[in-house]
Every structure is written in structure tokens, then in C-alpha cells.
Amino acid sequence: TECVSGCVCPEGLFDDGRGGCVEEKDCPCIHNNEWYSSGQKITVDCNTCTCQKGIWSCTDNVCYGTCMIYGSGHYITFDGKFYDFDGNCEYVAIQDFCGDKDSSGSFSIITENVPCGTTGVTCSKAIKMFLGKTELKLENKEYKEIQRDVGDDVVYWNRTVGLYLVIEASNGVMLIWDKKTTVFIKLSPSYKGKVCGLCGNFDDKSSNDFTTRSGLQEPNALKFGNSWKQSPMCPDVTQEIKPCDLKPHRKSWAEKECSIIQSEVFKICHSKVDPAPFYEACVHDACSCDSGGDCECFCSAVAAYAQECTKAEACVFWRTPDICPIFCDYYN
């Protein structure tokens, strides 16, 4: 009945968000602030989504969960919660012995943290993986098997993939280790909500990941972490260590090196994976590794962000002959 200023599509057509008008069947979809045309497919975790009339239609495969532990005490749980915990002890990373009457449990993964550098922060030095009656100890770039008297037989395979040692067990547990301070734990969907430890409970809700050994919800990361120590003799962690405050002369070097995470190099990933916590973790690690291996700490921290980018379908080539080079021929 009256004129309206602005751009309006003719009747029967729809605004496509890019300044054009299209039929309903050609409406685009949006994901991570990017537009996709009708019919385009994207991969989200282990599912494929197709854009149909402006709405995503996705397959509903149930996906493996991943927990990452890297550097000096950085954790990303199965449900995506990012937190720091710097404890000097052995801790339960994940297990399925969780106090449930029906579950006798079949596996546990223990991480042994030791100080790395002089500031008191800790890195994962050794990993113990208990599969039925088999114990695997991963340390000093290799692993050894110990057979115990109790437990079931759980078959497992090991293989080397590039930089990583991969151990895959028949019960749906997989461990991927870079032979330094990074560990990925993958679990099959059958474990959803049935596990506990520093990696959370894998129930698709990050809000209840800080469940202590006694089954209580704990808002504080330090109290939560302390509850999962293996030996009561280890001291509790009472405060968060800030290595850059203790070593101010390393701070500017750390910030300069780690700025690669927030730079153009990773630009395509920024909208998909928030770089802020990874940058903070990188600066923390680069300040703390002051007794050799400082480049290794920095490289592991950047590689952790690159890994999350790859998972989010943003492949970044960030290594150069000057920045964390890898001799691919050797690893292949």
C-alpha cells in the first residue's frame, strides 16, 4: 500500500544474503559465517551435510570422540572444554571404572606429569594404558608391554603414522602419541557418558566435565584435577603457575613467536576454531620451557591449534624451513 525504501525481492523470490534474489530451491545455507550454495556438501566431524533450500540436511552417523592433552598441562575434553591443570603426579586421563554398579570397566589411561623447565609447570612424560590384563607404558619415544595376572584379553594393534605412534584396541579405545608431550585419546560412541577422568565424561555436554572421582560437580579446575591423582602421597595443586610472570625476560619472545596463531597464516581457521585459548597456551608453554626444548614446546602448542583446524576442515600449511620444520622424507 505504500513505498518501502531498500532492496526487496520480487514476489516468489528470496534474498540470498549476497545481494541477489533466488528461487526457494536455490537458497544458500550458512556455516561458520560462510555461505554455501544449494546442493553443496560439507563435512562436520564424521557426518556429511548437504544444503537444501537454505537448510542443512546431515547424515546422523555417531562419531568417535577425541580428547587432547598437550604441552604443559592443557586439556581439551571429549565434549570440547578447554582448561589447564599443572600437576606433578600420575593422573587418570580417562577410564571406564566410574562407580557404576553394572560396569566392571575394561580400560584406563594414566598420564604421568613431571616438571618441564624451572618454573614448576609440568608436561606429560609417560603414559600408561591398561587394556584388560595388558599394560602398555609409553615413554622415551617407545613403548613396552607388561602382562599382568588379572583382567580380560583385549586385542590391540600398533602402527606408526608419520610423527605419531597409534595404538588401537578391539574395545574401541585408540591412543595417538607424538612421542613427546601430545596425546590424543579417541573413544568409540559406545562409551558416551560411561567414562570419567581428566578428559571428562563424553556425554556431549561440556558443562558437567569437571566431575570429580567421587562423582561431584566441581567448578574449580584445580580441585577437579587433584581428585584424579593416582597416589594420595602427591601434593595437591593449590595455585595456577604463571610462567611468564616468573620469567618476564621470556615473555616478549613467547608472544612474538606465538603470534603466528593469530596471524594471516591461520586466517581461514579463525572463524572455525577460536585461536585465543591456543595462543594463551602457547605463550604459557614458550615462557615455561627454559631448560632446553623451548622450540619443541612452542611447536607442540602451534601444532595443537593446527590439529583442531584440520578437524574443522581448515587445512593450514604453517611449517616452514624456519618454523618447526619436519623432514617428511624421513617420516615417510
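Biologist: Which elements each supply at least two residues of the lining of the second largest pocket?
Modeller: In this predicted model, local features need pLDDT of at least 70, side-chain atom pairs count only at pLDDT 80 or more, and totals for chains, interfaces and linings use all residues. Residues are numbered from 1 along each chain as its sequence is written, and side-chain values use heavy atoms, without hydrogens or water. A pocket is an open set of points on a 1 Å grid over the protein atoms alone where a 1.4 Å probe fits, with protein on both sides within 12 Å along at least five of seven lines; lining residues have an atom within 4 Å of a point. The elements, DSSP runs numbered from the N terminus (helices H or I, at least four residues; strands E, at least two), are β5 (41-44), β8 (65-70) and α6.

Biologist: How many residues does α6 give to the lining of the largest pocket?
Modeller: The largest pocket holds about 1,200 Å³ of space, the volume filled by probe spheres set on grid points joined across faces, edges and corners. Among its 39 lining residues, Leu163, Ala303, Trp318, Arg319 and Ile326 are closest to the centre. The largest share of this lining comes from α6, with 11 residues.

Biologist: Is serine 300 buried or exposed?
Modeller: Serine 300 lies in α6, which spans residues 294-311. Beyond neighbours within four places in sequence, serine 300 has contacts (heavy atoms within 4.5 Å) with Tyr70, Asp178, Thr181 and Thr182. Buried means under 20% relative accessible area, exposed over 50% and partly exposed in between, with a 1.4 Å probe and protein chains only. Because its relative accessibility is 9%, serine 300 counts as buried.
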